[in-house]
Amino acid sequence: MSLRPERQAPPEFFYNETEARKYTTSSRIIDIQAKLTERALELLALPDDGVPRLLLDIGCGSGLSGETLSEHGHQWIGLDISQSMLDIALERETEGDLLLSDIGQGLGLRPGTMDGAISISAVQWLCNADKSCNHPRTRLKQFFGSLYKCLARGARAVLQIYPENAPQLEMISAAALRCGFSGGLVVDYPHSTRAKKYFLCLMCGPPSTSTSLPKAKGLDRGSESEGSSDADEEAGTVDILERKRPSKKQKDKKGKGRSWVLKKKEQRRHRGYTNVPQDTKYTGRKRKSQF
């Protein structure tokens, strides 16, 4: 099974110990994980006072990102859903404490104990409705609610994600805001299709004038802008709290019959919406303009 150079495979991929070991020993993957973790630590903006912090590594896998945290002198707790990956982390004698956990069911940590949190390509998998019991919005609410509780007041969380599309990115950001976080999205190399990276930078507590989002990298179409396209013109830094929603376009309902309505309803069910009406013989029926 092939892996894209910049992406982490879904959690189900790691249920096989052989494939998990192959992933962990790949020099390319090790290098990518190290670079992403370094960038996450930079965005975390921890005080440079030499005091080690207790950090949370969400989706730690086999401990590749945790090694970078240890190199910077921090203590860490790693959470992952894959037993195979955690077994390899134990074999590699990583320095962090490891917990087998489904973050979509909450983190289960004591309130106010963590000085910060990072995640490398894990949170977007909460949006997968691969089982009938998995509702993306519910799982995001459980995750962000428990993350907010376990962080110390004023602490930050930096979540590197690979959203499938704009609606998924909006769903993740909105779930974080509803749980009390402030902050926004930092997009490194926004004009590149391959080097582009999304970092959701969250602050535990209400927004203040003293805290501002870090500046994104590659805004000047630098050396890593190869393969850029005209469609990749997002701003490098997006403040969630000050973002203005675009005005809704007038929908053209001409020619949209029963099949179109059924298709849209099925799409909403797949995305985890629970308030989609049941299909009946009246679905998509034409109605008179007036009684």
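**Notes on the predicted model**

1. K264 has a relative accessibility of 36% and therefore counts as partly exposed, the class between buried (under 20% relative accessible area) and exposed (over 50%), with a 1.4 Å probe and protein chains only. K264 belongs to helix α7 (residues 258–270), helices being DSSP runs of H or I of at least four residues and strands runs of E of at least two, numbered from the N terminus. Between K264 and V276 there are twelve residues of separation in sequence and 9.9 Å from C-alpha to C-alpha.

2. This is a predicted model, in which local features need pLDDT of at least 70 and side-chain atom pairs count only at pLDDT 80 or more, while totals for chains, interfaces and linings use all residues. Residues are numbered from 1 along each chain as its sequence is written, and side-chain values use heavy atoms, with hydrogens and water left out.

3. The structure holds eleven salt bridges, each a side-chain nitrogen of Lys or Arg within 4 Å of a carboxyl oxygen of Asp or Glu. In one of them D279 meets R269 at 3.2 Å, N to O; because D279 lies in the segment after α7 and R269 in helix α7, the pair ties together parts that are ten residues apart in sequence. D279 is partly exposed at 41%, and R269 is partly exposed at 26%.

4. R21 forms a salt bridge with E91, with 3.0 Å between the closest N and O atoms. As R21 is in helix α1 and E91 in helix α4, this pair ties together parts 70 residues apart in sequence. R92 forms a salt bridge with E67, the closest N and O atoms being 2.4 Å apart, and this pair links the loop between α4 and β3 to helix α3 (residues 64–71), 25 residues apart.

5. In helix α4 (residues 83–91), the buried residues S84, M85, L86, I88 and A89 pack against α1 (17–24), β2 (75–80) and β3 (97–100), contact meaning heavy atoms within 4.5 Å. After α4 comes E93, whose phi is positive, near 55 degrees.

6. Q168 lies in helix α6 (residues 166–178) and, at 8% relative accessibility, counts as buried. Leaving aside residues up to four places away in sequence, Q168 touches Q124, C127, Y162 and P163.

7. R39, E42, D188 and K217 are linked in a network of salt bridges.
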